[in-house]
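Good morning, and thank you for coming. Please look at the structure on the screen while I go through it.

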Protein chains: 2
Amino acid sequence: MIKVLLAEDQGMMRGALALLLGLEDDIEVVAQVSDGDDVVPAALRARPDVALLDIEMPGRSGLDAAAELRDRLPRCRVLILTTFGRPGYLRRAMEAGAYGFLVKDGPVEELAAAIRRVLAGERVIDPTLAAAALSTGPSPLTDRERDVLAAAADGSTVADVAARLHLSESTVRNYLSSAIGKTGTRNRIEAARQARHNGWL
Amino acid sequence: MIKVLLAEDQGMMRGALALLLGLEDDIEVVAQVSDGDDVVPAALRARPDVALLDIEMPGRSGLDAAAELRDRLPRCRVLILTTFGRPGYLRRAMEAGAYGFLVKDGPVEELAAAIRRVLAGERVIDPTLAAAALSTGPSPLTDRERDVLAAAADGSTVADVAARLHLSESTVRNYLSSAIGKTGTRNRIEAARQARHNGWL
DNA sequence: GATTGGGCGGGACAAATGTCACGGGACCGG
DNA sequence: CCGGTCCCGTGACATTTGTCCCGCCCAATC
């Protein structure tokens, strides 16, 4: 019996997946959580063989949870299941020690198969996505540029961002400018879109 | 046997829901589509009793599809199933003749129950959401303001928007300014966020 | 020990953005 | 017919944003 932990914030999705996985003879869902912060505690209690993690969740992201799981529960294989096949997400998932990376677009049948393959030690990654991740390259943004861009993405003015990050306005403008330059875009909005699209935020 | 059409672009979600609904004794999924433009043709072929529609899809939105279904297949009850409980979405769903409005956050058990209730002529709406929709009020934006704001939301400059909508730059600036004023925000980014959040785009 | 790159900030400038006041035309309901 | 509202446009203006200089400090690296 393969013991699976399921981390997914959308109730209907989580319920449907749990039900669906429960139909498999060799799979048992031993824990369900809807908040990123609950992943590790639940895993320590339930000791799953495979953790199926969404990335976008309340609390910490599935990527952060994956990294912590690798340290605290190395026997548990992590399988990322996400809506967006962003290159940067895949890269970060691999760095966090994930064994597999699935997008929610694919057919449901893939899921149980991926769980079995991951448990067997195989890596499960969509080849198209892997190619995209490699061709896109790692994020060109420095930590600060990323922070500033993220802080400005919601419509905050330069003054807002400066206050929130304890920087001078000049500094904020400079970081935004270089982020815009590195992303090859024309303004902060396009830069933020681009960075988000690539999974750099 | 209740015949259900399922329109949802995310493969895994669609597959899981179909499987799940298939487990119910009195429900049969007679059609599945992943593109908004396929909804009406598929419905005309399969003649479902209930259409379960996502809003955000490639092709036309589930709301538009709902409106067309009401005209072309009035016997078919529409049930909207969406990720975001935006007040404007609910409002538009009702105007498009939908019988129910579910958010994907809720438990899966709700789904089959909602289908049966909708078919019985009942309306299915989350009370909290209904209250939010009423308190938020209808969109204050005129059609043009909405178009311009939507066109500017992706980082396009005023010149881009003007060219795309065949307007003068001055006009675009004026519409943006009034949209910003009406949403009570400070710039186009906040205005777009606000409008999107309320389901006004 | 010198070079490089990142973090941080200043100043000055052009361009884009947001605001305001003001027009005209169309259409609709009272 | 008149008032109101939306559509579309102008011109002027203040503010914000984006760019390009410059500087200093620090850590890693060669």
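A backbone N or O atom of A:Ser168 lies 2.8 Å from a phosphate oxygen of DNA strand C. I call this a polar contact, that is, a pair of N or O atoms within 3.5 Å; within protein, one must be able to donate a hydrogen and the other to accept it, and residues adjacent in sequence count only if both atoms are side-chain atoms. The model is predicted: local features need pLDDT of at least 70, side-chain atom pairs count only at pLDDT 80 or more, and totals for chains, interfaces and linings use all residues. Residues are numbered from 1 along each chain as its sequence is written, chains are lettered from A and ligands numbered from 1 in the order in which they are written, and side-chain values use heavy atoms, with hydrogens and water left out.

Two side chains of chain A also reach phosphate oxygens of DNA strand C. For A:Arg144, an N or O atom of the side chain is 2.4 Å from such an oxygen; for A:Thr171, a polar side-chain atom lies 3.0 Å from one. Helices (H or I, at least four residues) and strands (E, at least two) are DSSP runs, numbered from the N terminus.

In total, 17 residues surround DNA strand C, and the closest are A:Thr142, A:Arg144, A:Tyr175, B:Arg173 and B:Arg188. A residue counts as near a molecule or strand if one of its heavy atoms lies within 4 Å of it. Of the atoms of DNA strand C within 4 Å of the protein, 56% belong to sugar or phosphate, and the rest belong to bases. By class, this surface has four nonpolar, nine polar and four charged residues. Here Ala, Val, Leu, Ile, Met, Phe, Trp, Tyr, Cys and Pro count as nonpolar, Asp, Glu, Lys and Arg as charged, and the others, Gly among them, as polar.

Let us turn to DNA strand D. Of the 17 residues around it, A:Arg173, A:Arg188, B:Thr142, B:Arg144 and B:Ser170 come nearest. Sugar and phosphate make up 54% of the atoms of DNA strand D that come within 4 Å of the protein. The elements giving two or more residues to the surface near DNA strand D are α9 (169-183) of chain A with α7 (143-152) and α9 (169-183) of chain B.

How are the two protein chains related? A rotation of 180° with 0.0 Å of shift along its axis superposes chain B on chain A, with an RMSD of 0.1 Å. The two copies are thus related as by a two-fold rotation axis. The superposition is by least squares on the C-alpha atoms of residues with pLDDT of at least 70 in both copies. Among the residues of chain B, B:Ala16 comes closest to the axis, at 2.8 Å (C-alpha). Of the interface residues of chain B, 100% are also interface residues in chain A, so the copies meet through the same surface. Contact means heavy atoms within 4.5 Å.

Finally, the sheet of chain A. It is an open sheet of six strands with parallel pairing, in the order β2-β1-β3-β4-β5-β6. Strands β2 (27-33) and β6 (124-125) of chain A stand at the edges, each with a single partner strand, so one side of each is left without a neighbour in the sheet. Two strands pair if DSSP finds at least two bridges between them. Four bridges join β1 (residues 2-7) of chain A to β3 (residues 50-53) of chain A, which run parallel, and A:Leu6 stands opposite A:Leu52 in β3(A).
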